[in-house]
Amino acid sequence: MPTSVGDLPQVEELYRSLEEKVRALRPKEDLATLERAYRYAAECHAGQQRKSGEPYITHPIAVAKILADMQMDLVCLETGLLHDVLEDTKATAQDIRDQFGEEVLRCVDGVTKLSRISFANREDRQAESLRKMLLAMTSDIRVVVVKLADRLHNMRTISSLSPERREAISQETLDIYAPIAHRLGMGKLRGELEDLSFETLHPEEATELMREIESKRQEYEEWLRIVQNTIEQKLAREDIPVRVEGRVKRAYSVYLKLKRQKITLDQVYDIVAVRIITDSVKNCYAALGVIHNEWHPIPGRIKDFIAMPRPNLYQSLHTSVMGPGGVTFEVQIRTEEMHRIAEEGIAAHWKYKEGSKGPGKDDHRIAWLRQLVDWQRDMHDSGEFLSGVKMDLYADEVYAFTPKGKVIVLPRDATPIDFAYAIHSDVGNTCIGARVNGVMKPLKTPLRNGDVVEVITQAGHQPSRDWLATVKTTRARNKIRHVINAVERAKAVEIGQKSLEKEARRMGVSLGRISNNDLASVASEYGVSKTEDLYAALGFGRFSARQVLQKVAPENGTGEPATTAPPLPRVSPQPGAAEVDGDLTIRVTGAQDVMVYRAKCCNPVPGEQIVGYITRGKGVAVHSTQCTNVQKLMYEPERKIGVEWARTSEPVPVKVVIYTDDRPGILHQLTSVLSEEKSNIRTLEARGDERRTDDSAVIDLTIDVRDKKQLERVLTGFRRIPGVRDIERMQNAS
């Protein structure tokens, strides 16, 4: 009878296949420590099972196998085998250090989530785990390589989890891990993560799209064979050695294009692409000339990432041409080394380099990590931190130049303000204007590739709050918030002090008899650390001066001293406000009799994650946590307040815009979906799509929904209708 998981025949066989793979790649290395890591992990995980029913140790072995495919070093492979022992077993950091050394411990600890620490919510846990991983990555990039391999295997085996867990993990993968893989240049891994997440989050759209692509695959492949043969013949005549690959665009990439351009698959003209791999940079440019001589290039679609590599060190020539039969397709041209870097990214450092420690500290691919770590230290709000990371990870790059020729890499549609903050925070704070290519431009002007930007500054100038709606980089947004928050806080402290003095006079309370210790004690009761914070909270309207005075001088007040932090003062209802008694839609966490209303900018529906923002004189505005305006508002953390959905059956209005084929019967099919869901129609308007010349229509629809799940069912039903091209959820529905 087996004495441990490691003795199970199927598990032993899995490990031996891993060992054979590593031995073939690293014939000179002693694999004794690798087997020791396997035995130790198997012992630690003995008796544990995955949700699928398999022994848990099969997961670490699979992760190590993915790392072996990347040809990572032994420290990384041992980390893959041990990556869950600190989190899920009784193993300690000292055990790992004693048996496998400091280097392995550092990597294992960096991958380990903070599961043993209590956090208020899942968002806090996710944010702190990500912070820890980012910090560990700056000292050893193998931490994130292991984490990506771990996430890839979890996504490959996600079907055994509950629907809620599948959705949460897939969304996190799409938001965080796939973009990190992109930033590290790991194109192949990023593509698989995106496609697996897409299949989980949008199963029906993914199935339908892949069915459509598969139905035309033979047609695509035949067309690609013709193009490949033509290219090979033309380049052979020029004595240019090449390897030509053809591919069909990935499902998720196609899906994004369909949504962005609101078109059908038949209208995606670059669904196929050709990759030309040659032996030298000189022949890359020579091949580009041959391609352009054979087929007409599409203006504005030529990109030279060889002369100007992306920040993740990706290099290639890109061009789009009008090919046989009038089909537009993309051509990528690169050397073998560029191709290896494009596919494997930062992991390519360990290939062919036994004992390599990977990229150096000056590697451009991890420079962004240091920037993230730099600004995240000042961001204590989990939602703000996660949103900022996502924004930075998703960014498409724009290359702008200083007048002296220094390249500044910024996200797409970044402005001169972003450019100024990228140079230095003082330059950003004192920026009053900019010359772009020698011409004065507004500070909100989006920059384009190749722009030369000269920032004009003025001593003593301070950033405007309006800049928050303009900037695209987290660095700029964080620096602007810091300055504005300091100014707003100083004002709030002053207002709070004056309001306390005014109310004291009205109540006949002598402030001279109230010590700082008394005020500090009240501050502590209200959850703030010092008297100045209490004044600031008063100035922001979080509670009233009377409530404070009743605590420090109850004998002068008109009521009993409060024993808990009181709620905000009640205000008159605003248009679209949600009432807050009995059958309320939203309530403030831990408080009663507080006026709240759903913000029109995002119009959240029950079931969505929400956050409250204290407004001056209007109560609490409730936003979806995904609302873009949340980032602009939350520069004053004192105004953030917890809110939650109350149990209610009251429906809320949601406006959607549906882009469809203009055909008879489509309205009947849409209303049938609503009838099945018992959802009421408030308004309906159909019209031709003025932006397009084909037979297409736009339908504006305002419907009542009970919660997020019902809305998702309705939208899924709409998408199943033949001819529906895209659906957008709009705001200002009420």
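1. In this predicted model, the contact between helices α3 and α9 is made by H59, A62, V63, I66 and L67 of α3 and by V145, V146, A149, D150, L152, H153, N154 and R156 of α9, where contact means heavy atoms within 4.5 Å and helices are DSSP runs of H or I of at least four residues, numbered from the N terminus. The residues of this contact divide into eight nonpolar, three polar and two charged, with Ala, Val, Leu, Ile, Met, Phe, Trp, Tyr, Cys and Pro counted as nonpolar, Asp, Glu, Lys and Arg as charged, and the others, Gly among them, as polar.

2. As for geometry, α3 (residues 58-69) packs against α9 at an angle of about 120°, and their axes are 9 Å apart; axes are lines fitted to C-alpha atoms, for helices over the stretch in contact, and angles run from 0 to 180 degrees between N-to-C directions. α3 is therefore oblique to α9, since angles under 35 degrees count as roughly parallel, over 145 as roughly antiparallel, 65 to 115 as roughly perpendicular and the rest as oblique. The crossing of α3 and α9 is right-handed, meaning that the near helix is turned clockwise from the far one by less than a right angle.

3. The largest nonpolar core has 60 residues, of which L67, M70, L82, L148 and M186 touch the most other members; such a core is a set of buried Ala, Val, Leu, Ile, Met, Phe, Trp, Tyr and Cys residues joined through side-chain atoms within 4.5 Å, and buried means under 20% relative accessible area with a 1.4 Å probe, protein chains only. Helix α9 (residues 142-156) supplies the largest share of this core, eight residues. Leaving aside residues up to four places away in sequence, L67 touches M72, C76, L77, G80, V145, V146 and A149.

4. A second, separate core of 40 residues includes F198, I240, V321 and M338. M338 is also among the buried residues of helix α16 (residues 336-344), together with H339, R340, I341 and A342, and just after α16, G345 takes a positive phi of about 60°.

5. Helices α22 (residues 516-525) and α24 (residues 545-552) pack at an angle of about 120°, with their axes 10 Å apart, and are therefore oblique to each other.

6. On reading these values, residues are numbered from 1 along each chain as its sequence is written. Local features need pLDDT of at least 70 and side-chain atom pairs count only at pLDDT 80 or more, whereas totals for chains, interfaces and linings use all residues, and side-chain values use heavy atoms, with hydrogens and water left out.

Notes
Helix = DSSP H or I, 4+ residues; strand = E, 2+ residues; numbered from the N terminus. Buried < 20%, exposed > 50% of the residue type's maximum accessible area, 1.4 Å probe, protein only.
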